[in-house]
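The questions come one at a time.

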Amino acid sequence: MYDYIIVGGGSAGCVLAARLSENDAQVLLLESGPKDTNRYIHMPVGFAFLTSGPLTWGYETTPLRHANNRTVVYPQARVLGGGSSINAEIYTRGCPEDYDSWAADHGCKGWASKNLQPYFVKSEGNMRLGGAEHGVDGPLTVSDNVPNVMSQAYVQGCMDIGMPFNADFNSGNQVGAGFYQTTTRGGRRCSAALAYLEPVKKRKNLTVKTDVSVLRVLIEKGRANGVEVAENGQLRKFEAGGEVIVTAGAIGSPKLLMLSGVGPAKHLKEKDISVIHDLTGVGQNFHDHFSTDVTWALNGPHSYDKYKKLRWKLAAGAEYLLFKSGPVASNIVEAGAFWWGNKKEEKTPDLQFHFLAGAGVEKGVSDVPGGNGATCNSYYTRPKSRGSVTLRSNNPADAPLIDPNSFAEPYDLERHIEAIKITQEVGRSRSMRRFVSTEHFPGANCKTKQEYVEMSRASARSSYHPVGTCKMGGMRDEMAVVDPQCRVRGIDGLRVCDSSIMPRVVSSNTNAPTIAMAEKAADLIRGNR
């Protein structure tokens with residue numbers, strides 16, 4: 001019997017396994033995917049090869065009603081370390097106002113920015129920045145890239161059109177353009193598995209199992225007391241004397257709760273699942289950042305695209321093997337910005353930009369004529385549209401129905417288009433014009449409002465920041481799945497702690513916030529014990 005069973009070896013699961021096993025508690029961490037041994041995981045540039053394939057679930061969305069009824073690829077990690085093992089390694093936290101809104105507007109007492117800031121600091125081991133805003137000795141190493149000339153030109157181009165330079169997006173002020181810090185260490189990815197699990201893997205009270213599929217949480221008389229799993233083709237049960245903690249992500253966590261009989265009663269009955277607890281909000285409030293990629297053809301081999309040629313690829317490989325530096329040590333997404341659209345309606349920027357010193361890097365983004373290109377994707381950071389994650393059937397092997405319902409709110413689409421136009425303006429700036437031959441997409445033919453609308457509906461995709469499907473909230477929030485202690489309402493001994501509990505997505509990438517949230521949850525759980 002274990003004191004804690006943690007379901008999901010992603011960013012949050014790795015943190016919780018390490019922290020909860022610091023004392024004498026017996027901890028079991030279960031991950032459905034394999035160990036993080038794939039070589040591309042550990043090379044920062046390798047994320048480009050990991051958004052599809054055996055280390056993901058192979059999900060697609062349902063037809064997007066407000067985006068030409070397209071189905072789009074929806075990468076979700078299935079490997080130890082979760083998203084932190086396959087993402088682009090960008091370290092951003094969001095605005096303090098994001099978390100203050102959780103507390104003030106959503107009833108998440110104890111989750112304001114002042115409450116979470118100590119956990120960002122605790123988790124972080126920053127190689128450049130210090131002071132009250134940054135940790136220097138935390139397990140998660142945060143460091144700088146050596147930026148490519150195109151990344152430098154992009155930041156200068158943002159300054160050309162009026163944005164200030166920002167040397168630290170995580171200072172509490174995201175305004176402006178600059179270079180992203182990344183979760184990398186010595187030229188290698190620093191995933192949550194490497195940061196949190198690797199140093200403690202010999203603890204006798206910590207058991208980590210990979211390639212184990214959790215089929216359901218076992219609940220008896222209103223209390224979670226274990227899990228049923230499939231391991232090596234056999235059904236097994238693991239008992240929890242303390243708590244079961246679900247950290248399977250914004251897609252996996254609601255799926256597991258519903259398969260376990262916790263969720264909207266009507267939906268569960270439709271799927272022939274016995275209702276243990278009618279909890280309306282499970283799988284609802286689903287939202288994500290939805291982005292479009294602007295690409296440019298360059299007038300020479302200025303970006304990392306030149307390393308697609310064999311001789312340059314061999315040179316880059318040799319540099320990395322010898323010195324752990326060069327293109328392979330870059331996450332490619334070296335620069336970015338936070339800014340406002342035409343309507344400066346909010347105190348903090350509501351648009352985010354990621355610049356990639358290459359084209360065709362991410363799945364679904366094509367190469368450019370001539371082979372040398374650059375890319376910038378952008379999105380509205382606070383989407384109003386809400387979708388759902390529901391069950392396809394009562395078979396745990398079946399993928400869930402993933403419906404982000406993006407662009408359901410016209411306001412989201414308007415802001416999305418504003419971000420694209422700002423990106424195009426940067427591409428025409430003095431600094432970028434030195435290197436840009438033509439704007440490849442959307443190109444000069446996209447001029448009218450309707451053309452921008454049609455282009456966005458036809459091209460937008462996920463930015464891999466799904467949240468909200470097990471939202472946290474106060475007692476008066478009827479859609480809240482967990483309370484501010486991360487406890488599932490109506491079930492004892494069961495918690496959820498991952499990006500699914502965010503009531504509203506943060507105004508940035510989501511990995512660093514998820515890790516900080518898990519750090520806080522570990523203290524809540526240990527305090528309860």
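**Charged pairs and their labels**

Glu 519 and Arg 19 form a salt bridge, with their closest N and O atoms 2.8 Å apart. The pair links distant parts of the chain, Glu 519 in helix H14 (residues 511–528) and Arg 19 in helix H1 (residues 11–20), 500 residues apart. This is a predicted model: local features need pLDDT of at least 70, side-chain atom pairs count only at pLDDT 80 or more, and totals for chains, interfaces and linings use all residues. Residues are numbered from 1 along each chain as its sequence is written, and side-chain values use heavy atoms, with hydrogens and water left out.

Q: Why is the pair Glu 519 and Arg 19 called a salt bridge?
A: A salt bridge needs a side-chain nitrogen of Lys or Arg within 4 Å of a carboxyl oxygen of Asp or Glu. Here the closest N and O atoms are 2.8 Å apart, so the pair qualifies.

Q: What makes Glu 519 count as buried?
A: Its relative accessible area is 0%. Buried means under 20% (exposed is over 50%, partly exposed in between; 1.4 Å probe, protein chains only). Glu 519 is therefore buried.

Q: Why does Arg 19 count as buried?
A: Arg 19 has 12% relative accessibility, so it counts as buried.

Q: Which residues are linked with Arg 19 in a network of salt bridges?
A: Glu 22, Lys 122, Glu 519, Asp 523 and Arg 526. A search of the whole structure finds 24 salt bridges.

Q: How do you know that Arg 189 and Glu 89 form a salt bridge?
A: Their closest N and O atoms are 3.8 Å apart, so the pair meets the cut-off. Arg 189 lies in strand E8 (residues 188–189), and Glu 89 in the loop between H3 and helix H4 (96–106). Helices (H or I, at least four residues) and strands (E, at least two) are DSSP runs, numbered from the N terminus.

Q: Why are Arg 189 and Glu 89 called buried?
A: Arg 189 has 1% relative accessibility, so it counts as buried. Glu 89 has a relative accessible area of 0%, so it is buried too.

Q: What makes the link between Glu 231 and Arg 236 a polar contact?
A: The contact between their side chains is 2.9 Å. A polar contact is a pair of N or O atoms within 3.5 Å; within protein, one must be able to donate a hydrogen and the other to accept it, and residues adjacent in sequence count only if both atoms are side-chain atoms. The 2.9 Å contact therefore falls within the limit.

Q: Why is Glu 231 called buried?
A: Glu 231 has 11% relative accessibility, so it counts as buried.
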